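I opened a new page for this model today.

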Amino acid sequence: MHCLARRLFSNVPESTVYGGPKPQNPNQRVTLNSLRQKHLAGEPITMVTAYDYPSAVQVDTAGIDICLVGDSAAMVVHGYDTTLPITLDEMLSHCRAVARGATRSLLVGDLPFGSYESSSAQAVDTAVRVLKEGNMDAIKLEGAAPSRIGAARAIVEAGIAVIGHVGLTPQAISVLGGFRPQGKTINSAVKVVETALALQEVGCFSVVLECVPAPVAAAATAALQIPTIGIGAGPYCSGQVLVYHDLLGMLQHPHHAKVTPKFCKQYGHVGEAINKALSEYKQEVQDKVFPGVSHTPYKISEGDVDGFMNELQKMGLSEAASAAATASKGMGGRE
Ligand code: KIV
């Protein structure tokens, strides 16, 4: 469709204009447009966090729509108790690694605490770095305070796609008094919906709803034209997001996980699998079972072993020479 027509029809559901959303090609890059089509078709949007190359490859290969480089990295990767300490430079390093691993998902980088609240100029500069140096497609920011909504507006006006985040916004634990669900009173529930509407108004293309009761999430989802992505917000959202480590059961509570969110379903017990593998490795090394012949791939020819042993003898290293001879026999003879 011509751009002008697209602008003219921007408030008309795409199904009216095109005769229905187009079917998605599973290998095609996810874009704002394909997400919008999915939303219009009533198909749930999937989002999962990733922080490095392997997690990005896995999220991407699983066909997840949005790969979020969340500032939850502070907790699940760096081991802090909150998301506050992670720096922009640390986030950029995570973003670059994720961008090398994910080729299909829409890549969204979280703006860390302290990198966008001071002024619109600071917010735009940070968002630009996340796209230019972090190779992300869009940014996410936590917004309830007017300065944060102003930041979202400025970033959108600078031509960068933004996801807002309301409800429990972990960067605001100082004023929220900890990791507390929001929207549990009338005032708080209204504030969640109002903030989500304000973020839509300034141009966000989606809003994350974190830890709010299902009726509040349902109301926000119905009130907004843009998709809501829930986490601990029940099923009445346009999509869902979970933290990679939580979803996979990577960090086993109470030994490693600092917080195991009540709302998180563990789709795997990867932490147990890793622990089992590491224990087996340790045992096999201790028992001198690993590495065996099949994991000792580099060979030296029979003639070269003999020559090597002669050299060792000349150097007065007869013990080393007999160690080489024993190893050569132990590895199933010489080549
Ligand atoms: O940082 C993060 O992982 C997030 C998700 C919980 C939405 O913001």
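How far is a polar side-chain atom of Asp71 from an oxygen atom of the ligand? I read 3.0 Å for that pair. I note here that the model is predicted.

**Entry 1: ligand contacts**

I went on to Ser72. A polar atom of the Ser72 side chain sits 2.5 Å from a ligand oxygen. Then I checked Asp110. An N or O atom in its side chain is 3.2 Å from an oxygen atom of the ligand. On its own the ligand has 260 Å² of accessible area, and the protein covers 95% of that.

**Entry 2: the shell**

Which residues surround the ligand? I listed Thr49, Leu68, Gly70, Asp71, Ser72, Asp110, Lys140, His165, Glu210, Ile231 and Val243. I then sorted this shell by class. I got three nonpolar, four polar and four charged residues.

**Entry 3: helix 4 against helix 6**

I turned to helix packing. Helix 4 covers residues 53–61, and helix 6 covers residues 88–101. Their axes come within 7 Å and cross at roughly 45°. Are the two parallel or oblique? An angle counts as roughly parallel under 35 degrees. Helix 4 and helix 6 are therefore oblique to each other. I logged their crossing as right-handed.

**Entry 4: helix 6 against helix 7**

I stayed with helix 6 and looked at its packing with helix 7, residues 120–132. The angle is about 30°, and the axes are 9 Å apart. So I wrote down helix 6 as roughly parallel to helix 7. The crossing of helix 6 and helix 7 is right-handed.

Most peptide bonds are trans, and most residues other than glycine have a negative phi.

Which form does the peptide bond from Phe290 to Pro291 take, cis or trans? I found it cis, with omega near -5°. Pro291 is in the loop between helix 13 (270–286) and helix 14 (302–314).

Next I checked phi at Cys211. This residue is not a glycine, yet its phi is positive, about 50°. Where does Cys211 lie? I placed Cys211 in the loop between strand 6 (206–210) and helix 11 (214–223). I also noted that Glu210, one of the residues around the ligand, falls within the range of strand 6 (206–210).

Methods. Residues are numbered from 1 along each chain as its sequence is written. This is a predicted model: local features need pLDDT of at least 70, side-chain atom pairs count only at pLDDT 80 or more; totals for chains, interfaces and linings use all residues. Side-chain values use heavy atoms; hydrogens and water are left out. A residue is near a molecule or strand if one of its heavy atoms lies within 4 Å of it. A polar contact is a pair of N or O atoms within 3.5 Å; within protein, one must be able to donate a hydrogen and the other to accept it, and residues adjacent in sequence count only if both atoms are side-chain atoms. Accessible areas come from the Shrake-Rupley method with a 1.4 Å probe; for residues, only the protein chains shown count as cover. Ala, Val, Leu, Ile, Met, Phe, Trp, Tyr, Cys and Pro count as nonpolar, Asp, Glu, Lys and Arg as charged, and the others, Gly among them, as polar. Axes are lines fitted to C-alpha atoms, for helices over the stretch in contact, and angles run from 0 to 180 degrees between N-to-C directions. Helices (H or I, at least four residues) and strands (E, at least two) are DSSP runs, numbered from the N terminus. Angles under 35 degrees count as roughly parallel, over 145 as roughly antiparallel, 65 to 115 as roughly perpendicular and the rest as oblique. A crossing is left-handed if the near helix is turned anticlockwise from the far one by less than a right angle, and right-handed if clockwise.
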